[in-house]
Amino acid sequence: MEEKSELSTMHPDVETILFSEEDIAQIVQRLGAEITRDYQGKDLVLIAVLRGAVVFMGDLMRAIDLPLAIDFMAVSSYGSNAKSSGIVRIVKDLDMDIKGRDVLIVEDILDSGLTLKYLMKNLSSRKPASLEVAAFLWKDVEGKQAAIDPKYVGAHCPDEFVVGYGLDFAERYRNLSYVGILKPEVYS
Ligand code: 5GP
Ligand code: MG
Ligand code: MG
């Protein structure tokens, strides 16, 4: 008998599931089709920001039916983990030269957008042919303005701290197959 683990159903620390494994698969297929359509004949490079975006990257790249390259960057944001300061240090740079190429930044979640704004400024100085963002989730709630405008958005997300599908709390829960909200007692 096949039994589903807590990674794909309900982890005891999770209070609410916002996006199920099935929701996510649909979102990724839709984004992959849009990107496949838009990047015909281009020299596509996907760049994921470690570590949160690795799960989305792994799924998205397989939903894009085009020749493409991938690369990774790691940045560390000063300040607390839950809140972005916009001051970013590059911890791991690209291995690839992106000059003249069509770069698509693959991000797990866009909140203030300050991290990405900094990254885009840095990457655009390397003269890519184009530079766009695919964000799996976007916390574009009322009264909150992100510093950048992503071309591709998987889903809109309430202004809550979410985990799973690559997103962590204190480096845990990245391996959940869904996106959810933790029980309040987990944070304290
Ligand atoms: P921003 O610079 O857009 O405010 O923050 C973006 C980064 O903060 C994301 O790439 C992610 O690493 C982290 N982040 C923002 N919101 C959340 C959240 O709800 N959950 C988790 N786990 N990380 C988040
Ligand atoms: Mg991130
Ligand atoms: Mg994190």
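The largest share of the shell around ligand 1 comes from strand E5, which supplies four residues. Here a strand, labelled E, is a DSSP run of at least two residues, a helix, labelled H or I, is a run of at least four, and both are numbered from the N terminus. Strand E5 (102-110) and helix H3 (114-124) each supply at least two residues of this shell. The model is predicted, and local features need pLDDT of at least 70, side-chain atom pairs count only at pLDDT 80 or more, and totals for chains, interfaces and linings use all residues. Residues are numbered from 1 along each chain as its sequence is written, chains are lettered from A and ligands numbered from 1 in the order in which they are written, and side-chain values use heavy atoms, with hydrogens and water left out.

The shell may now be considered as a whole. There are 16 residues around ligand 1, and those that come nearest are Ser112, Gly113, Thr115, Val162 and Asp168; a residue is near a molecule or strand if one of its heavy atoms lies within 4 Å of it. By class, six residues of the shell are nonpolar, four are polar and six are charged. In this scheme, Ala, Val, Leu, Ile, Met, Phe, Trp, Tyr, Cys and Pro count as nonpolar, Asp, Glu, Lys and Arg count as charged, and the others, Gly among them, count as polar.

Individual atoms of the protein also meet the oxygen atoms of ligand 1. A polar contact is a pair of N or O atoms within 3.5 Å; within protein, one must be able to donate a hydrogen and the other to accept it, and residues adjacent in sequence count only if both atoms are side-chain atoms. A polar side-chain atom of serine 112 lies 2.6 Å from an oxygen atom of the ligand. Aspartate 111 contributes a polar backbone atom, with an oxygen atom of ligand 1 at 2.9 Å. For leucine 114, a backbone N or O atom lies 3.5 Å from an oxygen atom of ligand 1. Taken alone, ligand 1 exposes 510 Å², and the protein buries 87% of that. Such accessible areas come from the Shrake-Rupley method with a 1.4 Å probe, and for residues only the protein chains shown count as cover.

Leucine 114 itself is found in helix H3. With 32% relative accessibility, leucine 114 counts as partly exposed; buried means under 20% relative accessible area, exposed means over 50%, and partly exposed lies in between (1.4 Å probe, protein chains only). Leucine 114 and serine 5 are 109 residues apart in sequence, and their C-alpha atoms are 36 Å apart in space.

Glutamate 107 is buried, with a relative accessible area of 8%, and aspartate 108 is buried at 11%.

Leucine 137 is buried, with a relative accessible area of 0%. The C-alpha atoms of leucine 137 and histidine 156 are 5.7 Å apart, although 19 residues separate the two in sequence.

Another buried residue is aspartate 71, with a relative accessible area of 4%, which has its place in strand E3 (residues 69-77). Its side chain reaches the backbone nitrogen of aspartate 95 at 2.8 Å. Apart from neighbours within four places in sequence, the contacts of aspartate 71 include Leu46, Ile47, Met57 and Lys92.

Finally, the backbone deserves attention in the loops. A cis peptide bond, with omega about -5°, joins leucine 50 and arginine 51; arginine 51 lies in the loop between strand E2 (44-50) and helix H2 (54-62). In the loop between strand E8 (162-163) and strand E9 (179-182), alanine 170 has a phi near 50°, a positive value in a residue other than glycine. Alanine 170 is exposed, with a relative accessible area of 57%. Glutamate 171 lies in the loop between E8 and E9, and its phi is near 70°, also a positive value. At 43% relative accessibility, glutamate 171 counts as partly exposed.

Key
Contact means heavy atoms within 4.5 Å.
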